[in-house]
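Here is a short briefing to read alongside the model. Please have the sequence and the 3D view open as you go.

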Amino acid sequence: MSERNLAVVILAAGKGTRMKSDLPKVLHPVAGKPMLWHVQASVASLSPEETIVVVAPGMTDVEAAAAPSRCAVQAKPLGTGHAVAAAREALQPLLSLVETDVLVVFGDTPLLTGDTLRRMVDARSEPAAPDIVGLAFRPDDPAHYGRVILDAAGRIEKIVEFADADSAQRRIDLCNAGIVIGSGRRLFDLIERLGSDNAQGEYYLTDIFGLAHEEGRPAGVVECPAEEVLGVNSRADLALVESVMQDRLRRRAMAEGATLIDPSTVWLSADTRLGRDVTVHPSVCFGPGVSIGDRVEIRSFSHLEGAKVADGAVLGPFARLRPGARVGEDAHVGNFVEIKNAELGTGAKANHLSYIGDASVGAAANIGAGTITCNYDGFAKHHTAIGAGAFIGSNTALVAPVSVGPGALVGAGSTITRDVPGDALAVERSEQKNRDGLAARLREERRAAKKSKAG
Ligand code: UD1
Ligand code: MG
């Protein structure tokens, strides 16, 4: 197989009107990351020479998200064919090389896999390969997708947009995924000749197929599973795509050796990493940036994001790990414990009702129920350092910046504002007074008062 140069054009300039959103469509997240990044990741698996993202004027947030891919601006949203033409100038240096293929993908189909794209590239490398190849699929409900009409030889005769299709054409179940690969020169020659005399008054990329057939150089077709090319045009589509993506991620996590007791209730991010023999109980949510070591147990209703958890740790139920949380080997984080930008050392325990923020907790330290690191003074965040083997009594407030040395003991209910040396005992609370018999006397007085009122 001869390898050609490859350039990719990702279309993302559409208005996305049907999303009814202030956020550009391709930035809506799926599994915690923008749709565009999913498409870019699949494209990157082909190692193309160049990837150009086509955006609309003023879409600076899409441009920022697209980096390091370069962007080209489509001045007006005049259709998918017009959008590809907007990338021509940026591709010019590569197009002057005869062997450059151009692959066009949509920014709104985040389930597309690198494998399918690879099949498109391969379809161009076969002997006597057609100079254009389109991607098609057979969905259960062809809905508003463009319909692909094949000729007797199985090549594409034309693609008809749903809005332009007659009732016989609408009964065809082979649909256009929108993805096209072709010799760059040929593709842009055809695009240059597109017109906009159709129901939507747009320059349809799909019309290149009819033109190619008329010239006796018809395009080939590759079919892929319908699930991969679900296009997101509405919030309902977004939810459907999310559920397919979640299923994929769950299957990957299990294939890599994690037990998900009730997979359908576990929500994963695209970058979630679970080690071997991890057990995830029902109803756990993994936000972006979570990495879990081996043999970790994560109990129900825990919420994690931006956190790293080492081997053998136990989390939850109801644990919350926020960005910068680092939980050491065999450490325990129990119910209603929140950890942010803080490290819990090997074997350390924070089992109940605590906030540990901007802190370091040494190995085997024990954080009592209700302990709070008071990290914020209304102006800035401050650090709390707790040494190895320290014991913090229940309901302690540690007013940062402050440190508790290794092996120190802090009495329950203390508000610690000064550093506690290692191995010291610190208690900060008012002295307890016991008045012998006073409770009984008060009870007696009250009973007597009640009696005299009733009489
Ligand atoms: C398109 C196809 C349709 C196919 C479907 C698959 C055309 C004419 N139609 O329809 O045959 O079945 O995708 O999902 O190609 N875009 C631009 N500039 C524009 C218009 C669109 O960049 O002027 C981008 C959009 O941001 C989007 C992609 O192109 O990423 C597809 O546009 P969209 O409007 O969603 O096309 P569909 O109606 O879904
Ligand atoms: Mg679409």
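This is a predicted model: local features need pLDDT of at least 70, side-chain atom pairs count only at pLDDT 80 or more; totals for chains, interfaces and linings use all residues.

Residues are numbered from 1 along each chain as its sequence is written, chains are lettered from A and ligands numbered from 1 in the order written, and side-chain values use heavy atoms, without hydrogens and water.

**Metal site**
- Asp108 (OD) and Asn233 (OD1) coordinate the magnesium ion (ligand 2) at 2.5 Å; donors are N, O and S atoms within 2.8 Å of the metal (3.2 Å for Na, K and Ca), and water is not among the atoms, so sites may look incomplete.
- Both aspartate 108 and asparagine 233 are buried (under 20% relative accessible area; exposed is over 50%, partly exposed in between, with a 1.4 Å probe and protein chains only).

**Aromatic contacts**
- The whole structure holds 3 aromatic pairs, meaning rings of Phe, Tyr or Trp (its six-membered ring) with centres within 6.5 Å; planes under 30 degrees apart count as stacked, over 60 as edge-to-face and the rest as tilted.
- Phenylalanine 301 and phenylalanine 318 are stacked, because their ring centres are 5.1 Å apart and their planes lie at 20 degrees.
- Phenylalanine 301 is partly exposed, at 49% relative accessible area, and phenylalanine 318 is partly exposed too, at 35%.
- Phenylalanine 318 also stacks with phenylalanine 336, with centres 4.9 Å apart and planes at 20 degrees.
- Phe301, Phe318 and Phe336 make up one aromatic cluster.

**Charges over rings**
- Arginine 170 has its charged end over the ring of phenylalanine 162, 3.9 Å from the ring centre (NZ of Lys or CZ of Arg within 6 Å of the centre and within 35 degrees of the ring normal).
- Lysine 381 lies over the face of tyrosine 376, 5.3 Å from the ring centre.
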